[in-house]
Amino acid sequence: MLAGKRILLIIGGGIAAYKSLLLIRLLKSAGAAVTPVLTRAGAEFVTPLSVAALAGEKVHQALFDLTDEAEMGHIQLSRVADLLVVAPATADLMAKLATGRAEDLASNLLLATDTPVLMAPAMNVRMWQHPATQRNLATLTADGVRFVGPDQGEMACGEFGPGRMAEPEAIFAAITAALAEGPLQGRHVLVTSGPTHEPIDPVRYIANRSSGAQGTAIAAALRDLGARVTFVTGPATVPPPYGVTVVKVETARQMLEAVEAALPAAAAVMAAAVADWRVTNEGVQKMKKDGSGKAPALEFAENPDILATLSKGPQRPRLMVGFAAETEHVVDHATAKRARKGCDWIVANDVSPATDIMGGTENAVVLISDTGAEHWPRMAKDQVAKKLAQRIADALQNS
Ligand code: CTP
């Protein structure tokens, strides 16, 4: 799939740079050509010699390298690539691109091209969580930059949390996804997935049985058709797919915020099982028994409806797809839901325990659109996802 493709790989300064050597090997064995660029900080972690030996090509390091200027020019370097990959993407490299700075070779290359960019961030957990980095992440995502990782785990600096660079195999999969040629190439599609958790106090929450399996499969299927997918997920049990931009949230309100931040999009598939209610008298401390035997009274407020908000909002994606989890009168309830929420399609399913659909591996859905109800046979959730993704591609192509 990568044969004949050229990847311009910018290796930033971070201990994770050693993983980029493995990434070069994966890319080369898949038939891709790699143009390596090493930042000054990157060269503190891996040597130009190892990078050049693995890539089988000269390593570019300096902005004002006269030979390069005569032969090709630093601007040309990024234009001949099919994809620019930054791995590790440091907080500094993210900040440079987010603010449009061009002060070294790497930042010049990133700015001087409209070739798609994929970043694999790697940094200390506090640096990753810093509002400045998160702001830059939001800006870059809105600009169309794709992200893979960071992963959560123990870090070289001894701390624990998100910030570890994605594994080479995951970056490789994200590269394959970014270069996938399909009917959704160049389209941005938003997918929500999983349950939401609504806190009662610092240790307890209200949740539901959604595993995130259907939403995850849909995101993967859209990715395979070439879409750039932003995957906003609640705390699901199924891991998110490779090759999509993952935004993890807990509550319905966080999910709405993340979804709105990811707009614009050509289509949105809202597969999340969003909690309808949140607790308004959430305990700041763990709620204790007072010995009286009296149960605490929880008070609730209705959560925002993400599907309806987007469907009726100023930045409405062209195609809005909702789900309907019903336990009776599936078609009637789902048809009413479609009208109430203002979406184009509703994928309805019967989630009564006897169907084993919620949390299971299969689904039997009814697609409700303006042309009526179409019953799909029971099939694996992956198959439902593929069929739905193809329908979405057809609909966007015809509109
Ligand atoms: N949904 C949403 N925001 C909410 C609730 C639901 O975006 N606060 C979305 C879901 O992601 C799904 C669709 O709306 O795409 C329908 O969800 P469902 O739980 O079936 O419907 P509800 O709106 O909760 O309606 P009801 O509880 O009456 O069945």
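Buried means under 20% relative accessible area, exposed over 50%, and partly exposed in between, with a 1.4 Å probe and protein chains only. By that scale Glu-374 is partly exposed at 30% relative accessibility.

This is a predicted model: local features need pLDDT of at least 70, side-chain atom pairs count only at pLDDT 80 or more, and totals for chains, interfaces and linings use all residues. Side-chain values use heavy atoms, without hydrogens and water, and residues are numbered from 1 along each chain as its sequence is written.

**Salt bridges**

The structure holds 15 salt bridges (a side-chain nitrogen of Lys or Arg within 4 Å of a carboxyl oxygen of Asp or Glu). Three of these pairs are tabulated here.

| Pair | N to O distance |
|---|---|
| Glu-167 and Lys-19 | 3.2 Å |
| Arg-101 and Glu-103 | 3.0 Å |
| Glu-374 and Arg-391 | 2.7 Å |

Helices (H or I, at least four residues) and strands (E, at least two) are DSSP runs, numbered from the N terminus. Glu-167 pairs with Lys-19. Glu-167 lies in the loop between β7 (160-164) and α9 (168-178) and Lys-19 in helix α1 (residues 17-29), so their bridge ties together parts 148 residues apart in sequence. Glu-167 is partly exposed at 32%, while Lys-19 is buried at 7%.

The bridge of Glu-374 and Arg-391 joins strand β20 (residues 372-375) to helix α14 (residues 381-398), so it ties together parts 17 residues apart in sequence. Arg-391 is partly exposed, at 27%.

Arg-101 and Glu-103 belong to a salt-bridge network that also includes Asp-92, Lys-96 and Asp-104. Arg-101 is partly exposed at 46%, and Glu-103 is partly exposed at 43%.

**Pockets**

A pocket is found on a 1 Å grid over the protein atoms alone: an open set of points where a 1.4 Å probe fits, with protein on both sides within 12 Å along at least five of seven lines; lining residues have an atom within 4 Å of a point.

The largest pocket has a volume of about 1300 Å³. Its lining has 42 residues, and Trp-128, Leu-137, Val-246, Val-247 and Lys-248 are the closest to its centre. Helix α11 gives the largest share of this lining, 5 residues. Domain 1 (6-178) and domain 2 (188-398) both contribute to the lining, so the largest pocket lies between them.

The second largest pocket holds about 940 Å³. Of its 41 lining residues, Ala-272, Ala-273, Val-274, Phe-323 and Ala-325 are the closest to its centre.

Terms used. Points joined across faces, edges and corners; volume = space filled by probe spheres on them. Domains from an automatic or database assignment.
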